[in-house]
Amino acid sequence: MTRQMLDTVGVAEATPDEKQPYAELGLAEDEYARIRQILGRRPTQSELAMYSIMWSEHCSYKSSRVHLRQFGEKNPKTPRLLAGIGENAGVVAIDEHLAVTFKVESHNHPSFVEPKQGAATGVGGIIRDIIAMGARPIAVMDSLRFGELSHPDTARVLPGVVEGVGHYGNCVGLPNIGGETFFDPCYQGNPLVNALSVGVLPRERLQSMQASGVGNVVILLGAKTGRDGIGGVSVLASATFSDEDDSDSRPSVQVGDPFTEKLLIEACLELFDSGLVEGIQDLGGAGLTCALSETAAAGDGGMHVDLERVPLRATGMEPHDILASESQERMLAIVAPANVEQVLARARRWGLLATAIGEVTDSGRLVIDYHGQAVVDVPPASLADEGPVYHRPIAEPNDLGLIAVDRAETLPRPSTDEEIRRTVLDMAASPNLCDKSWITEQYDSSVFGNTVLGTPHDAGMVRLDERTGVGIAIALDGNGRYARLDPYTGSQLALAEAYRNVAVTGATPIAVTDCLNFGSPEDPHVMWQFERAVTGIADGCQKLGIPVTGGNVSFYNQTGSEAIHPTPVIGVLGVIDDVSRRIPLGLGQSGDTIALIGTTGEELSGSEWAWATHRHLGGVPPKVDLDHEMKLAELLARLAGNEQLAAAHDLSEGGLAQALVEAICNAGTGANILLPEGADPFTYLFSESTGRVLIVIPRGQELAVRSACEQRGLPITPLGVVDANTDGLHLRDHFDIPRAELEAAWKGRIAAQLGE
Amino acid sequence: MARVVVDVMLKSEILDPQGEAVLGALPRLGVNDVKSVRIGKRVEIEFDPSVTNAEEQSQIIADQLLANPVIENFTVSVLSEDAV
């Protein structure tokens with residue numbers, strides 16, 4: 001509190017034996033010893049706070065790094081990739097002028113503690129990553145996982161999360177163009193909130209996080225710094241000022257302000273376009289600590305900061321509080337001295353605080369003074385790049401063999417037509433398959449006027465350029481159940497589905513981002529799942545020829561010793577030359593032909609049917625065939641370009657039955673379906689074999705489409721016709737389900753369950 | 001009858017965008033010497049005259065419905081307990 005007690009570098013040198021709460025800060029004994037060795041003395045309180053943050057799992061990727069290297073090693077080389085892993089977000093070229101940057105990130109734990117603000121700041125954080133690359137954010141998406149829909153806590157967490165995602169995105173003025181919502185008891189107590197943002201930039205506006213150019217000025221831009229999210233380092237305060245400690249004043253929750261974020265977007269873009277900044281970095285999870293050390297380490301290696309210049313929102317903040325604060329809506333800009341006045345003036349015009357807090361040096365050290373006294377003097381790379389790297393033990397879970405033989409294909413199935421009819425309706429009404437519009441209607445999906453496809457389509461699509469019509473499509477998919485059965489195949493299934501969802505709109509997949517949600521890395525079984533999942537994604541992307549451009553890892557998603565299902569969530573980005581040639585979801589026009597591309601096997605293990613009707617999870621997940629997926633994507637892009645498809649829909653959870661329900665409920669016409677001769681109706685309707693797409697062919701194009709499929713060796717099966725006179729689903733020789741009955745089952749489930 | 005007032009405020013360390021917006025607007029009114037503005041809400045509750053544990057019940061109402069204890073503090077004050 002008083003200045004005499006400030007733990008300066010001088011004090012640290014004079015008191016080498018002072019006990020420090022490194023263990024409470026999450027640092028292991030050998031890590032603490034290494035810090036002392038790097039510094040040649042004990043760290044000051046501020047340095048200890050910085051190392052504890054930067055060497056945490058969240059920032060250092062210490063458990064995942066050895067495995068994530070595979071992405072770099074196996075990534076296919078593509079001239080499209082302008083910035084990749086290690087940057088704030090990956091950047092891919094769209095054409096000779098435009099590039100796109102996108103990334104998905106988790107905000108799981110904060111969203112459990114305080115659902116609305118946790119989810120909102122998750123969206124805010126990913127938007128700033130996009131700005132930091134020099135891009136204008138143009139859309140967001142969200143992938144949400146909760147406990148059972150019927151669980152009382154889901155009624156607290158889900159509406160809060162949805163409100164937060166909607167609040168931030170709607171206020172900042174970005175369309176939400178899709179995502180997914182999934183329920184499973186394993187996420188009870190560990191909801192997953194993964195937010196994606198995408199932005200567009202002229203290729204020459206690409207920014208870097210380098211703090212280079214000796215004498216260049218470090219400017220903090222945006223909101224004031226308060227005590228947000230400094231719960232982690234509060235142990236330092238309580239160790240020193242126990243009389244003053246008040247757990248209320250150390251909140252772990254951050255509250256954001258989307259209107260400030262909107263100003264940040266516009267101000268930063270103006271600064272980029274005027275060529276006024278040399279480097280830019282967002283302030284995210286580890287606040288100034290992360291931004292200062294990363295920009296210094298990426299640039300000339302030295303930086304000097306006067307910490308007392310940081311504008312504060314709260315009184316009595318100590319240097320380590322200021323360094324650790326996770327206050328939202330802040331960016332760090334590196335500016336040439338000649339441009340400083342102009343940068344400050346432009347920020348003022350946007351109503352933003354901008355403060356010069358330091359400058360780039362060639363000392364090779366990050367030196368932070370507080371009222372003229374050095375509280376930090378460290379080599380920045382030791383914080384940013386040279387954190388600990390663990391080779392955690394890996395062990396295959398013991399139950400894997402047992403699970404593999406417990407196949408869902410042996411479960412009792414509905415056999416009569418009436419039972420199968422009932423199953424179609426029950427499945428449509430189940431939490432994971434039912435209509436999610438209660439959620440998505442809370443999001444603005446069309447602000448900017450460039451949204452071409454939003455929910456409920458398989459992928460979101462936005463137009464980038466009004467003159468050329470060039471656009472992008474993005475899908476976000478994951479399936480923790482498949483990954484629980486087999487993390488390698490499960491992660492490839494997620495990849496294949498996101499890839500196919502993009503292809504189904506007529507776009508060509510070009511890049512990948514991933515959010516890897518797992519349990520504790522200290523559990524060898526979890527680490528095994530992680531290693532298998534990463535290998536699956538890396539191998540899959542190599543095969544598909546599309547690089548992983550970035551993403552994040554979220555560990556410790558568990559309650560006690562019970563980890564969530566391993567849940568890799570994959571985002572795939574695609575490009576389409578002309579968005580007017582997109583393929584929508586639906587049924588086209590009366591008289592069009594309905595057909596299925598792909599092969600239906602008897603694959604029920606890990607399926608939605610097995611879970612929804614038998615609470616069963618076991619067996620081997622469906623097979624993945626990436627060669628087939630590539631051919632399928634190429635075919636769909638070609639058919640879209642030739643305008644030979646009226647509609648298309650990916651088959652995934654719930655199989656053909658659910659795809660038909662969704663197509664019918666999103667169309668004005670009905671479907672008259674005849675299953676292929678000899679097909680077992682139940683298997684054909686509910687198997688979750690992959691690589692299948694339901695297509696609707698306009699009249700006169702049947703032969704062309706069939707021959708395009710045959711040329712590529714893709715099996716195509718005619719299923720029936722679109723019929724204005726059929727009310728809902730007519731499954732010839734089996735049963736009818738009128739539209740009203742289908743809609744009654746599929747719609748309104750979430751609201752009803754939440755009591756809204 | 002018992003009249004109870006519940007005041008709900010964001011915890012002092014939590015960002016109050018609404019308060020910041022008001023603070024930012026004050027100079028336009030020619031008011032330049034304000035350091036901070038924080039905005040909360042005041043809830044007035046009137047109980048039936050027969051109620052004897054109005055304060056206790058108000059604590060429950062405030063904690064579970066009116067305030068979000070993760071980011072907000074509240075105070076409960078009983079204004080009058082005079083029977084009418």
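Guide: Helices (H or I, at least four residues) and strands (E, at least two) are taken here as DSSP runs, numbered from the N terminus. The model is predicted, and local features need pLDDT of at least 70, side-chain atom pairs pLDDT 80 or more, while totals for chains, interfaces and linings use all residues. Residues are numbered from 1 along each chain as its sequence is written, with chains lettered from A and ligands numbered from 1 in the order in which they are written.

The part to look at is A:Glu329, which sits in the loop of chain A that runs between α12 (319–324) and β10 (330–335). A:Glu329 has a phi near 60°, a positive value in a residue that is not glycine. The residue counts as buried because its C-beta has 27 C-beta neighbours inside 10 Å (buried means 20 or more other C-beta atoms within 10 Å, exposed 12 or fewer, partly exposed in between, with C-beta atoms placed from the backbone).

A:Glu643 also has a positive phi without being glycine, here near 55°. Its loop lies between α22 (626–641) and β23 (647–650) of chain A. With 13 other C-beta atoms within 10 Å, A:Glu643 is partly exposed, whereas A:Glu329 is buried.

Another backbone feature is the cis peptide bond from A:Thr455 to A:Pro456, with omega near 5°. A:Pro456 belongs to the loop between β14 (451–453) and β15 (460–463) of chain A.

Helix packing comes next. In chain A, the axes of α10 (residues 258–273) and α13 (residues 340–349) come within 9 Å and cross at roughly 150°; axes are lines fitted to C-alpha atoms over the stretch in contact, with angles from 0 to 180 degrees between N-to-C directions. That angle makes α10(A) roughly antiparallel to α13(A) (over 145 degrees; under 35 is roughly parallel, 65 to 115 roughly perpendicular, the rest oblique). A:Ala267, A:Glu270 and A:Leu271 of α10(A) meet A:Val343, A:Arg346 and A:Ala347 of α13(A), a contact being C-beta atoms, placed from the backbone, within 7 Å. The classes in this contact are 4 nonpolar, no polar and 2 charged (Ala, Val, Leu, Ile, Met, Phe, Trp, Tyr, Cys and Pro are nonpolar, Asp, Glu, Lys and Arg charged, the others, Gly among them, polar).

The axes of α19 (residues 487–503) and α20 (residues 524–544) of chain A come within 7 Å and cross at roughly 40°, so α19(A) and α20(A) are oblique to each other. On the α19(A) side the contact includes A:Pro487, A:Tyr488, A:Leu495 and A:Tyr499, and on the α20(A) side A:Arg532, A:Ile537, A:Gly540 and A:Leu544 are among the residues involved. By class, this contact has 7 nonpolar, 8 polar and 1 charged residues.

Of the 756 residues of chain A, 59% count as buried, A:Glu329 being one of the buried residues. Along the principal axes, the C-alpha atoms of chain A fill a box of roughly 90 × 55 × 45 Å. Among contacts in chain A between residues at least 6 apart in sequence, 84% join residues at least 24 apart.

Chain B remains. Its contact with chain A involves 8 residues of chain B and 16 residues of chain A. The chain B side of that contact has 5 nonpolar, 1 polar and 2 charged residues.

Methods. Two residues are in contact if their C-beta atoms, placed from the backbone, lie within 7 Å.
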